[in-house]
Amino acid sequence: MTTFKPKNILITGAAGFIASHVANRLARNYPDYKIVVLDKLDYCSNLKNLNPSSSLPKFKFVKGDVASADLVNYVLITENIDTIMHFAAQTHVDNSFGNSFTFTKNNIYGTHVLLEACKVTGQIKRFIHVSTDEVYGETDEDAVVGNHEASQLLPTNPYSATKAGAEMLVMAYGRSYGLPVITTRGNNVYGPNQFPEKLIPKFIFLAMKGKPLPIHGDGSNVRSYLFCEDVAEAFEVILHKGEVGHVYNIGTKKERRVIEVAKDICKLFGMNPENSIQFVENRPFNDQRYFLDDQKLKNLGWFERTTWEEGLKKTMEWYTSNPGWWGDVSGALVPHPRMPMMPGGQTEKYESAKTYISTASKVTGMLVPSAKSIEKPPFKFLIYGKTGWIGGLLGKLCEKQGIPFEYGKGRLEDRSQIVSDILAVHPTHVFNAAGVTGRPNVDWCESHKTETIRTNVAGTLTLADVCREHNILLINYATGCIFEYDAAHPEGSGVGFKEEDTPNFTGSFYSKTKAMVEELLKEYDNVCTLRVRMPISSDLKNPRNFITKISRYDKVVNIPNSMTILDELLPISIEMAKRNLHGIWNFTNPGVVSHNEILDMYKKYINAEFKWTNFTLEEQATVIIAPRSNNELDASKLKKEFPEMLSIKESLIKYVFEPNGRNRA
């Protein structure tokens, strides 16, 4: 068995989980190796993962994307790279269902760029391509022999399909151009430093917070787990002893069902599994089992050292000692997280990386991104509805939270203008707070039907369609004024309309258009529809504020309704975007409140001399053109996602009346 000794190694994706353990291990065990790590610092990367090696003289970090051919060629040439260990990839299966083009770009195109650079420079002696056990597809549950390296590749999800596609390119470059390639296919890996979108760190984070552990489906899926240090050792062995042109499985025979993993973590935290495990909707396709034959790697001298109990305990201890390692990870802890909505870890750079990148173009004349140009915030919002009430408030919230944003310039019904906005802004999310509600109220829509259709229907659908083409989540502020109390949902019963209920109110043309577009938007999986009702804010001078409206009327009806307190719920809508939530949501505070109850609060907190008069719906009908919607929406879905959300009456007092009452005092 021949032994390969590299001199200058490039490790891609090395600020990520597995690659950082490999990079630190090699830097520690082989101080004579020069190690250059390349990472674009995506959401699941963190420079702190490389802290053990960052100060070593032969260790260098470069911030950049493997898809940048100029940068990759420059690094290979100037650092005289002879070995590549290619870890950089998008790896979270859930994300691949909702953002598959990103996986194709990173996993296939990025690999292709690296291979082409290797072909052009002609100096690479080893190219180790890191793949996954998922390329084999699902293993039969009763199989006693695992997939071996020559087994057929049968990927079942977009992530594994892109990894299989990348493998085909690696194999082709090995055969066509004689590149010295080696491919690895590994089981699940766990341990310190892993971003908590993955099962084990997610469960640990949730257990630390005392929250339930969400399990996809029934939890019967079987997985094999290897501790990160054992996997790093496997790559050390393959680097030095692996044969060119071969594939190596990195696996374990010790399997566990997902439900068993959850129970083991509950046990570590002293939690009762019966109360702490929550079964949620399964993935579109969730392989039942992956099982590998790892004998070929064992023949090179590698073996698994860490027991499950020991590794899980070490992992738990690390996360409990480093709870702030990743910053805000709330978007990753939901049952079905999606990219690119989750913030990553630290984004500061080593000084050497800044100098390295900024001087590259001066040396070679190639187009290499500067350190400044490749910095990207985790979020950037494109907001439509700048002159509207909600759109204006969204901009102020973004400024307060430090979220970069721009207002859309295009008209919603003009597709080319929307495309231009998206190409110019490059948003991670689009918010639609534009729409026709009427001037001064919905009666206007009755005599301006084509204008209402143009914006509320054609415009909204155009925006949703363009966002879908660009794999962008659209947060669409809709309305709950598409229902009215009926026999199944009588006034005062506490039985509200749910998200899946069919709209039953068509009294106004405005409501007709909103119900119509909501139904059509169900076909777009990139849309989050928020049913807003009778919006209220702490700004009691705003004429759109429901409280302001009724306090100025001569007479008001007195009917309990669901309502939306914008001061509390608009920040929640931003958090929903970060969590990449989609589908229809009743976007109101739980419960109902009547006109008289609101005006009683107004009198108590704002104006003790205030008086009003009620009239009936029949009397109201004589002074308005279009009937008004009255209903209760069931907000339990939103409350479950955001349990801290206040009831409508509590929210009114906390966010509206108490602040205004104090201001008057």
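**Figure 1. Overview of the predicted chain.** Residues 24 or more positions apart account for 82% of the contacts in the chain with a separation of 6 or more, a contact being a case of heavy atoms within 4.5 Å. This is a predicted model, in which local features need pLDDT of at least 70 and side-chain atom pairs count only at pLDDT 80 or more, whereas totals for chains, interfaces and linings use all residues. Residues are numbered from 1 along each chain as its sequence is written, and side-chain values use heavy atoms, with hydrogens and water left out. The secondary structure comes to 24 helices and 20 strands, where helices (H or I, at least four residues) and strands (E, at least two) are DSSP runs numbered from the N terminus. Of the 665 residues of the chain, 57% count as buried; buried means under 20% relative accessible area, exposed over 50%, and partly exposed in between, with a 1.4 Å probe and protein chains only.

Figure 2. The strands follow the order E3-E2-E1-E4-E5-E6-E10 with parallel pairing, two strands being paired if DSSP finds at least two bridges between them. At the edges stand strand E3 (59-63) and strand E10 (247-250), each of which pairs on one side only. On average, neighbouring strands of this sheet are turned by 20° against each other, direction ignored; axes are lines fitted to C-alpha atoms, for helices over the stretch in contact, and angles run from 0 to 180 degrees between N-to-C directions. Strand E2 (residues 34-39) pairs with E3 in the parallel sense over five bridges, and the bridge partner of Val36 in E3 is Lys60. Helix H2 (residues 69-78) packs on the sheet, where it touches strand E1 (8-12), E2, E3 and strand E4 (83-86), and its direction makes about 175° with that of E2. Helix H7 lies across E1, E4, strand E5 (126-132), strand E6 (181-186) and E10, and runs at about 165° to E10.

**Figure 3. Asp230, a buried acidic residue in helix H7.** Asp230 is found in helix H7 (residues 228-241). Asp230 is buried yet has no salt bridge, and the nearest side chain of opposite charge, that of Arg305, is 5.3 Å away. For these terms, Lys and Arg count as positive and Asp and Glu as negative, while His and the chain ends are not counted; a salt bridge is a side-chain nitrogen of Lys or Arg within 4 Å of a carboxyl oxygen of Asp or Glu. Leaving aside neighbours within four places in sequence, Asp230 is in contact with Trp302, Glu304, Arg305 and Thr306.

**Figure 4. Helix H6 and its surroundings.** Helix H6 (residues 199-208) is mostly covered, since eight of its 10 residues are buried; among them are Ile200, Phe203, Ile204 and Leu206, and also Lys202. The buried residues of H6 pack against strand E7 (188-190), strand E8 (213-216), strand E9 (222-227), helix H8 (258-268) and helix H11 (308-321). Just after H6, Gly210 takes a positive phi of about 70°.

**Figure 5. Aromatic pairs.** A search of the whole structure finds 20 aromatic pairs; rings of Phe, Tyr and Trp (its six-membered ring) pair if their centres lie within 6.5 Å, and planes under 30 degrees apart count as stacked, over 60 as edge-to-face and the rest as tilted. Phe379 and Phe381 form a tilted pair, with 6.4 Å centre to centre and 45° between the planes, and both residues are buried. Phe483 and Phe497 form a stacked pair, with 4.5 Å centre to centre and 25° between the planes. Both Phe483 and Phe497 lie in the loop between strand E16 (473-479) and helix H18 (509-521), so the pair ties together parts that are 14 residues apart in sequence. Ring pairs also link Tyr190, Tyr225, Phe227 and Trp308 into a cluster.

**Figure 6. Two loop residues with positive phi.** Leu41, in the loop between E2 and E3, has a phi near 55°, a positive value in a residue other than glycine, and counts as buried at 11% relative accessibility. Asn580, in the loop between helix H20 (566-578) and strand E19 (583-586), has a positive phi of about 55° although it is not a glycine, and is buried with a relative accessible area of 9%.
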